[in-house]
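This report covers a protein model made of two chains.

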There are 2 protein chains.
Amino acid sequence: MVKGYMNQVLRVDLTDGRITTQIFSEEELRKYIGGSGLGTKILFDETDQFTDPLGPENRLIFMTGPIVGTKAVNSGRYHVVTKSPLTGIYGEADSGGTFGPELKRAGFDGIVFSGKADHPVYLWLNNGKAEIREAKNLWGRDTFEVDRILKETHGKDIVTCSIGQAGEKLVRVAAIMNDGLEGRAAGRCGVGAVMGSKLLKAIAVHGNMPIPVANEAEMATLVKKAAPVIVKNTAWTKYGTSNGIQGAEQIGNLPVRNFSRGNFAGVATINGYYMADTILTKRFYCEKCVMGCGRTVEVKEGKYKTVESGGPEYETIGIMGSSCLVEDLCAIAKANELCNRYGLDTISTGSAIAFAMEAYENGIITKKMTGGLELNWGDPDVLVSLVEKIAFRKDIGDLLAEGTANAAKTLGGLATEFAIHVKGLDFPAHDPRNAVGTGLQFATSARGACHLSSFTHDFEIGVTFPELGYSKSPDRWELKGKGEFIAKFQNVMGMFDSLIFCKFIVYGLGDEIIKTMLGWVNATTGWDMSFDEFMLTGERIFNLKRLYNVKHGISRKDDTLPPRILNHKRGTGGAADNLPHLGLMLNDYYQYRGWDEFGIPTELTLQKLGLAA
Amino acid sequence: MVKGYMNQVLRVDLTDGRITTQIFSEEELRKYIGGSGLGTKILFDETDQFTDPLGPENRLIFMTGPIVGTKAVNSGRYHVVTKSPLTGIYGEADSGGTFGPELKRAGFDGIVFSGKADHPVYLWLNNGKAEIREAKNLWGRDTFEVDRILKETHGKDIVTCSIGQAGEKLVRVAAIMNDGLEGRAAGRCGVGAVMGSKLLKAIAVHGNMPIPVANEAEMATLVKKAAPVIVKNTAWTKYGTSNGIQGAEQIGNLPVRNFSRGNFAGVATINGYYMADTILTKRFYCEKCVMGCGRTVEVKEGKYKTVESGGPEYETIGIMGSSCLVEDLCAIAKANELCNRYGLDTISTGSAIAFAMEAYENGIITKKMTGGLELNWGDPDVLVSLVEKIAFRKDIGDLLAEGTANAAKTLGGLATEFAIHVKGLDFPAHDPRNAVGTGLQFATSARGACHLSSFTHDFEIGVTFPELGYSKSPDRWELKGKGEFIAKFQNVMGMFDSLIFCKFIVYGLGDEIIKTMLGWVNATTGWDMSFDEFMLTGERIFNLKRLYNVKHGISRKDDTLPPRILNHKRGTGGAADNLPHLGLMLNDYYQYRGWDEFGIPTELTLQKLGLAA
C-alpha cells in the first residue's frame with residue numbers, strides 16, 4: 001500500500017465487459033507518479049503507431065494523482081490520456097471540478113478503458129464497485145441532461161463525466177465534460193471522440209472512501225500555512241481568467257482575427273470586468289480550490305439566452321471572441337454553453353470557426369458549402385451556428401469537425417496557410433510573437449500547440465520562479481536561454497499534471513512553489529522526494545511522451561510553428577514587430593534536453609532517465 | 001523583324017510530327033525578352049496544375065535570347081523551361097557551351113516541344129530547316145556517344161544536345177547535356193526526364209545564318225571596351241570555379257556531410273589548385289566567353305580512369321565531394337564524367353547520394369536495399385557506384401532516381417529530416433547559414449533551392465553592385481534589408497537568364513554591370529531600354545514564375561528551408577553559430593515584392609507589371 005494512492009487502477013474492457021484492476025508497484029508509481037505521467041506509461045506500453053485512435057485498440061485513460069482528494073490546495077483535478085484522433089499522436093487533456101477526487105474516493109487511482117461496447121453504455125462506480133450499464137436513455141443527449149438523469153438514477157451526490165453529441169459523432173475536437181452544469185472540460189485532443197468511439201457515454205461516480213495520507217498532521221499544518229498566502233496573492237477570484245483579456249490585447253498576446261492582427265477594440269465588451277458587470281451570477285471553485293477562477297453565468301434574455309451554468313474562460317473568449325472578431329459576450333457565452341452541452345473543446349472549435357471565416361473570406365469555403373450561411377468575421381450568429389454545425393457535423397460543420405488542420409488539408413492550397421496549429425492541435429489564445437518561449441513551447445509540446453506544457457506565458461512577462469533560477473523573469477523577446485527555460489518549465493509542469501495540481505497555484509506561492517508542493521507530496525506519500533528527484537521525474541515523463549511521438553515519426557521537422565507566426569507580424573499593439581526565431585531556440589532546447597539534432601532523445605539521456613530499452 | 005532575334009520559335013509536336021513556327025510580336029519580346037522569360041510565358045499559357053510533367057501535354061522549351069550569338073561577352077547560353085517532374089512546379093535549367101548560339105544561327109530563337117513520339121527520335125536543324133529523325137541507333141547510348149554518332153552523320157561542325165540513359169529512364173534528376181565531351185549541362189529540375197518522356201533523344205544543330213544586330217559598329221565598340229576589363233578582373237581562368245572550394249569551407253559556405261558539419265579537411269585534395277596540379281588538361285571557354293572557367297580533365301589511370309572531358313565544377317565538388325565526405329578528386333571526376341555521360345544533374349545526384357549515406361547511417365536504408373553496398377560516408381567507390389545505380393535505376397538507385405525529397409517521403413519518418421531541399425529541389429553547394437540572403441533566395445526561388453535566381457552568395461561577402469545600391473556589400477548575417485536585396489537581385493538575374501548572359505560577367509564589370517549590358521542589348525535590338533525598364537522586366541518575369549507556382553498551390557508555407565538549416569548550427573568554422581531567421585526576411589521580402597501575407601502577388605502588383613488578368 002503506497003500512501004496517497006488507492007493502489008488500484010480499474011481496467012474496463014468494453015468489448016467483452018471484463019472489469020479488472022491493475023496494481024502498480026511503488027517503484028512504478030514513484031517513477032511516473034500518476035495523472036499525465038502514469039497515463040503516458042500505460043499508453044506507451046499498450047498502443048503504438050499502428051493503433052487507430054478511434055479503434056477499439058486505443059486506450060482511454062482517466063487518471064488521478066497521489067495528492068488528488070487530499071487537503072492539498074488546488075488538487076481537484078483528473079487527467080485523460082489517449083492517442084489523439086485529432087492529431088494522430090500523443091494526446092492528453094485534464095479537467096477540474098470534483099470528478100477526479102470523487103473517482104479516487106470511489107477507490108480507484110484511475111480507469112483504463114479498452115475495446116468497444118456493442119451498444120451505448122456508461123460506467124457506474126460506487127465505493128469500490130464498478131458496473132457497466134445500459135446507456136440507451138442517455139445516448140443522443142447533451143452533457144447537462146446526462147448529468148441530470150444520472151443524478152436522478154444514482155442520487156444527487158454523485159459526480160459524472162460524459163460526452164455530448166459531438167463525442168458520439170466522433171467529432172475530432174470533442175471534449176469530455178464533468179460536473180454537469182458547471183461545464184468543466186477535459187477539452188483538448190479530441191478525447192471525447194475516443195470515448196464516443198467506444199460507445200461509452202458517461203462515468204458516474206460516488207465515493208466516500210478515505211484517501212490514505214502518510215502524515216495527516218503535517219499535511220494539515222503545511223496546508224494551513226500555505227493556503228492563506230495563496231488566497232492573498234491570487235488575482236483570479238474577482239474577475240476570473242478573463243480579467244486578463246484587455247492586458248493580453250495590449251501587450252500582444254491575444255489572438256485577433258485568426259492571429260493576423262495586433263489589436264481589437266472589441267475587448268472592451270468581452271473581458272472579465274465586463275462579465276462581472278453583466279452575465280456573471282457566481283464563482284465556481286473546483287474541489288480544494290481557494291481561488292475560484294471559475295465563472296457561473298446566465299444570459300437571461302434575447303437570442304443568446306442560456307441556463308445558469310459555467311461561463312467562458314480566457315481561452316474561450318480569446319479564441320471565440322477576439323480571434324473571430326466577435327465582441328458580443330452573450331454570444332460567446334451561448335457558444336460556450338453549447339460547447340459544454342455538446343461536449344466540444346472551445347479552443348479547437350473556436351479556432352476552426354476563425355479558420356472557416358478566413359477561408360470564407362478567401363473564397364475557399366463558399367456559401368454553397370455552408371448551407372447558405374455567410375461566414376463573416378465578427379458575426380455572433382455565425383459563431384453560435386457553427387458550434388451547432390460542428391457538433392452535429394452539419395454541412396460545413398462536417399469538415400470542420402475533423403479539426404482545423406485536417407480541414408485545411410482537405411481544402412488544400414492556400415487554406416493550409418491560415419490553419420493555426422502545431423502537429424494538428426490548434427493554438428490556444430496565446431501568441432508566440434508576444435513571448436517567444438511560448439513559441440518554443442508550442443513547437444515542442446507532446447500534444448501540439450499547448451500552453452499548459454510549460455505554462456510560461458506569464459513567466460516571460462514578469463512573474464518569477466526563483467526555485468528554477470528565474471528570480472527575474474527573462475525578457476519576452478530574448479531568444480538566448482529560452483531552450484533551458486522552456487525545458488525546465490515543461491519538466492515542472494509535467495509534475496503538476498501527474499500529481500495533479502492546478503497550475504494557478506504558481507501565482508500564489510512566490511519563492512517556494514516546488515518546496516511547498518514537495519512538502520504536501522511527501523506528507524501525503526511518506527516519500528522523501530527531493531527537488532532533484534522532482535525535476536528528474538518531470539523530465540522522465542516529458543521524454544516518455546516524446547518517445548511515444550517518435551514512434552509515430554515525429555521529429556524536428558514537426559517541431560515548428562505555422563508560417564503566419566514565423567513570418568507575419570501582428571503589425572500593431574504591444575508586440576507589433578516581433579517574430580520568434582524558432583531555429584535558434586530549438587537548437588538550444590535540444591541541447592539542454594539531451595536530444596540529438598533530429599529531436600530524438602539520445603541513448604545517454606534515456607539511460608539517465610531510466611527509459612533505456 | 002525585331003533585331004537581335006531570328007523572329008521565329010520552332011514548334012515541334014512529337015505526337016503527330018507537325019513542325020510549325022511561332023512569331024512573337026515586338027511587344028511580347030520586349031515584355032518577356034527571351035530565355036527564361038519567354039519560356040515562362042509559353043509554359044504559363046500552355047500548361048497548368050493538371051499537366052503531368054512526364055505526360056505529352058507538358059512543354060519542353062529551349063530558348064535563346066536577343067544577345068545570344070552576338071559579339072556580347074559571355075552570351076553563349078540557352079535556357080530550358082518546363083514543368084518539373086522532380087518538383088511538380090515551375091522548372092528551368094540553363095547551359096553554356098555553343099548549343100545556344102548555334103541554335104540561333106540555325107534560324108530559331110527557340111524550340112517548343114509538345115506531345116510524345118511513338119518511338120525514339122531526334123531533331124535535326126540545319127539553317128532554317130527542321131526534321132524529326134529516327135533515333136533507334138542512339139537510344140540506350142550515353143551523351144558522348146550520341147554526340148559522336150550525330151557528328152559522324154551530319155558533320156564535325158554541328159552542335160548537339162541530348163539525354164543519356166538517365167533521361168531515357170525518366171530519372172527525375174536527369175539533365176540535358178550539350179557539346180559532347182565538354183559535358184555542358186542544363187542540369188536541374190529533371191529537364192532530361194521530360195525529354196526522355198517525349199522519346200526525344202537529341203537535337204543536332206547546324207547554322208551559319210547571320211544574327212541581325214541593330215547597330216553592329218556600336219556593338220563592336222562597346223564590347224571592345226568591356227572585354228579587356230572583364231578579362232583583367234576575372235579570377236576564374238586559372239583555377240576555375242573550384243578555386244573557391246577552400247575559401248568556401250573556411251568561411252562556412254561549403255556543405256559538409258550533407259550540411260551537418262562546419263569543416264572538412266579533405267578540401268585540400270578536391271580544390272581547383274589541386275586539380276590544376278593533377279588532372280587538369282586544359283580550359284574550356286563557352287562561346288563568346290573571355291573567362292574560361294570550364295575545366296577539361298583526364299584521369300589517366302587507376303580505377304577512376306576517365307576520357308579527357310569536362311571536369312567537375314565547384315557545385316559538383318561541393319556536393320559530391322565535401323557533402324559526401326569524399327576527398328578523392330579522381331573519384332569525383334569519374335562520378336562527374338558518368339553524370340555527363342548518363343545525363344544527370346551532378347547537384348541533385350550528389351545530394352541524393354549524401355542523403356542516402358545519412359539514411360544508411362541511420363538504418364533507414366539497409367544493405368538489403370543497396371544490393372549489398374555499404375553506403376559509408378566518404379567512400380569514393382560508393383559515390384561512383386551510386387551514380388551508376390541512379391542512372392540505371394538499379395536497386396536503391398531506383399528510389400534515389402525519384403529525387404531526394406521524393407525518396408525521403410517514401411522512406412518516411414526521420415528520413416525527411418535530412419532531405420536538404422526546398423520545394424523538392426536539392427540545395428546546391430551554398431549554405432544559408434553562411435549568408436542569410438542565400439536562405440531567402442532558396443526559400444523564394446521559383447524552382448526551389450536555386451543559387452542562380454539571385455546569385456547573391458558573393459554579394460553578401462564583399463562583392464559590390466553599386467547600380468543596385470550596394471556600393472558596400474551587406475553583412476552576410478544581417479537580416480535587415482535582405483528582403484529588398486534578394487528581390488532586386490532576383491529581378492536582375494531573371495534578366496540575365498532571359499537575354500541570356502552568363503552570370504560570371506558580374507565579377508568583371510564593377511560599377512557598370514547593368515549599364516554595360518543595357519548598352520549591348522540596345523545596340524543589338526535598337527531599343528532604348530532604360531535601367532528602370534530593365535528592372536521592371538526582370539520583376540515581371542519573376543512574378544510570372546510565381547504566378548505559375550501559385551496555380552500549383554505554392555504559397556508562403558512552401559517558402560521555407562529544411563529544419564537542419566533553420567535549427568542546426570554548422571558548429572565549427574567560419575559560420576559556426578549563425579542560423580538564418582527566415583521569417584523576418586520573408587516578411588520584408590513579401591512587402592518589397594508587393595505580395596500579400598500568403599506570398600501571392602497582389603492585384604496592384606500584377607497591374608504594375610502588366611500581368612493582371
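## Symmetry

Of the residues of chain B, His581(B) comes closest to the rotation axis, with its C-alpha at 2.8 Å. Chain B is superposed on chain A by a rotation of 180° with 0.0 Å of shift along the axis, at an RMSD of 0.0 Å. That is the relation of a two-fold axis. The superposition is by least squares on the C-alpha atoms of residues with pLDDT of at least 70 in both copies.

The model is predicted: local features need pLDDT of at least 70 and side-chain atom pairs count only at pLDDT 80 or more, while totals for chains, interfaces and linings use all residues. Residues are numbered from 1 along each chain as its sequence is written, chains are lettered from A and ligands numbered from 1 in the order in which they are written, and side-chain values use heavy atoms, with hydrogens and water left out.

## Extent of the interface

In chain B, 30 residues are in contact with 30 residues of chain A, contact meaning heavy atoms within 4.5 Å. Because 100% of the interface residues of chain B are also interface residues in chain A, the copies meet through the same surface.

The area buried between the two chains is about 2400 Å², and carbon and sulfur atoms give 54% of it. Buried area is the accessible area (1.4 Å probe) that two parts lose on being put together, summed over both.

## Contacts across the interface

The rule finds four salt bridges across the interface of chain B and chain A, each a side-chain nitrogen of Lys or Arg within 4 Å of a carboxyl oxygen of Asp or Glu. Arg564(B) forms a salt bridge with Glu597(A), in which the closest N and O atoms are 2.8 Å apart.

On the side of chain B that touches chain A, the elements giving two or more residues are α21 (563-567) and α22 (582-593) of chain B. The most comes from α22(B), with six residues. Helices (H or I, at least four residues) and strands (E, at least two) are DSSP runs, numbered from the N terminus.

Chain A has 23 helices and 17 strands. Its C-alpha trace spans about 60 × 55 × 50 Å along the principal axes. Of the contacts in chain A with a separation of 6 or more, 70% are between residues 24 or more positions apart.
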